[in-house]
Amino acid sequence: MSERRSHRVAVIGGDGIGPEVTAAALEVVAAAGVALNTSDFDLGAARYLRDGFVLDDATLEELRGFDALLLGAIGPAIGDTRIAGGVLERGLLLRIRFGLDLYVNYRPFAGQAGSLADGHSFAIVRENTEGPYGGEGGVLRRGTPHEVATQGSVNTRFGVERCVRFAFARASQLDRAKLTLVHKTNVLTFAGDLWQRVVHQVATEFPGVAVDYQHVDAACIYLVNDPQRYGVIVTDNLFGDILSDLAGAVTGGIGYAASANLNPTKSGASLFEPVHGAAHDLVGTNRANPIAAIMSAVLMLEHLGEEDAARRIARAVADFEGDAALLGTSGVTQQIRERL
Ligand code: IPM
Ligand code: MN
């Protein structure tokens, strides 16, 4: 019996395939011998449609106190117009990210066999609390011919610097230590200049890390044509959102892409979730790829200090050679369990 208390994990299965893939991930964690003390939170589109609840202060504070949060997916089916855009994104997911100060969105990618990035691993470190996601802006004269809408990008020295420092620290651990800043400094001259100067400054603390820069449009070409050039990409919230879907596609599909929304200071519980969405069309078909959720659980175990179990699951996933599309959710989960 372990003398450590079991880790308290809040599980937000959410919508669509979310509950299926989080269940698969929890099954694998248990098979790796880590006992979690889980509490389910019924949040997301289904909950909102049922009783109008998104998230309140009390629930947010309750979530803060867990050792980690594991989330499946949030969102209604495509074409379901009953929930206005932003209600769940801003009201639930971003509220958790901002409220718990999860300032890094760490998204590692491992090129699957046959993908454009076959055999190559790299990571995107996305600033997760600022940028165009910050909520700055508003509308005037809505619905009139003189309507005005602004949506500014917020970039603070403090916010950029803590994200960039995290990215350098990760890059410094790589065999080929390389960090690429991706931005649009030729057009977004105010924010771009801040990011550029912060990267130059923090680089002096990490002399072993090679530093590169690319405009975001060019990075879209290189990610497809030459993903092998990347080690760690560091970028702002919106560019990081877009690039991580592209990176998912280039490395074998979004069904493999995991993410960690991290508060490295631990003043709030970090949140672990697949990059993919709720994919309502796959519900109940056993076709959802659980690997993104399983790898998100690996990131969670690393964060919880369960390095050994994390390593064993990651190895089992890397050794897994089956066809996820043929094996389905349960088949993939079983094969990974058997390889532990
Ligand atoms: C992601 C998602 C979210 C984001 C949405 C659901 C708000 O696309 O985690 O990448 O834009 O960050
Ligand atoms: Mn996204």
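## Thr-59 and its surroundings

Thr-59 touches Phe-41 and Phe-53 when residues up to four places away in sequence are not counted, a contact being heavy atoms within 4.5 Å. The model is a predicted one, in which local features need pLDDT of at least 70, side-chain atom pairs count only at pLDDT 80 or more, and totals for chains, interfaces and linings use all residues. Residues are numbered from 1 along each chain as its sequence is written, chains are lettered from A and ligands numbered from 1 in the order in which they are written, and side-chain values use heavy atoms, with hydrogens and water left out.

Thr-59 belongs to helix H3, which covers residues 57–64; helices (H or I, at least four residues) and strands (E, at least two) are DSSP runs, numbered from the N terminus. With a relative accessible area of 11%, Thr-59 is buried, where buried means under 20% relative accessible area, exposed over 50%, and partly exposed in between (1.4 Å probe, protein chains only). The side chain of Thr-59 also makes a polar contact with the side chain of Asp-56 at 2.5 Å. A polar contact is a pair of N or O atoms within 3.5 Å; within protein, one must be able to donate a hydrogen and the other to accept it, and residues adjacent in sequence count only if both atoms are side-chain atoms.

## The chain as a whole

The protein chain contains eleven helices and twelve strands. A compact globule of 340 residues would have a radius of gyration near 20 Å, and the 20 Å of the protein chain agrees with that; the radius is taken over C-alpha atoms, and the globule rule is 2.2 Å times the number of residues to the power 0.38. Along the principal axes, the C-alpha atoms fill a box of roughly 55 × 50 × 40 Å. Among contacts with a separation of 6 or more, 74% are made by residues 24 or more positions apart.

Of the 340 residues, 50% count as buried. The accessible surface of the protein chain comes to about 15,300 Å², with 52% of it belonging to carbon and sulfur atoms; accessible areas come from the Shrake-Rupley method with a 1.4 Å probe, and for residues only the protein chains shown count as cover. The mean positions of the 30 positive and 40 negative charges are 3 Å apart. Here Lys and Arg count as positive and Asp and Glu as negative, while His and the chain ends are not counted, and the place of a charge is taken as NZ of Lys, CZ of Arg, CG of Asp or CD of Glu.

Leu-179 is found in strand E8 and is buried, with a relative accessible area of 0%. Leaving aside neighbours within four places in sequence, Leu-179 is in contact with residues including Ala-167, Phe-168, Val-199, Val-211, Asp-212 and Val-234. The C-alpha atoms of Leu-179 and Ile-233 are 5.8 Å apart in space, although the two residues are 54 apart in sequence.

Ile-336 lies in helix H11, residues 324–338, and is likewise buried, with a relative accessible area of 0%. Not counting residues up to four places away in sequence, Ile-336 touches Val-28, Ile-291, Ile-294, Ala-316, Val-317 and Phe-320. The C-alpha atoms of Ile-336 and Asp-319, 17 residues apart along the chain, are separated by 8.5 Å.

## Loop residues

Arg-176 sits in the loop between helix H5 (157–172) and strand E8 (178–183) and is partly exposed, with a relative accessible area of 46%. The side chain of Arg-176 reaches the backbone oxygen of Gln-228 at 2.7 Å, and Arg-176 is in contact with His-120, Gln-228, Arg-229 and Tyr-230 once neighbours within four places in sequence are left aside. By contrast, 44 Å separates the C-alpha atoms of Arg-176 and Gly-138, which are 38 residues apart along the chain.

The loop between strand E12 (271–274) and helix H9 (291–303) holds Asn-286, and Gly-277 lies in the loop between E12 and H9 as well. Gly-277 counts as partly exposed at 42% relative accessibility and, leaving aside neighbours within four places in sequence, is in contact with Ile-17 and Ala-73. Asn-286 is partly exposed at 32% relative accessibility and has a positive phi of about 65° although it is not a glycine. A positive phi, near 55°, is also found at Arg-141, which lies in the loop between strand E6 (137–140) and strand E7 (148–151) and is partly exposed at 48% relative accessibility.
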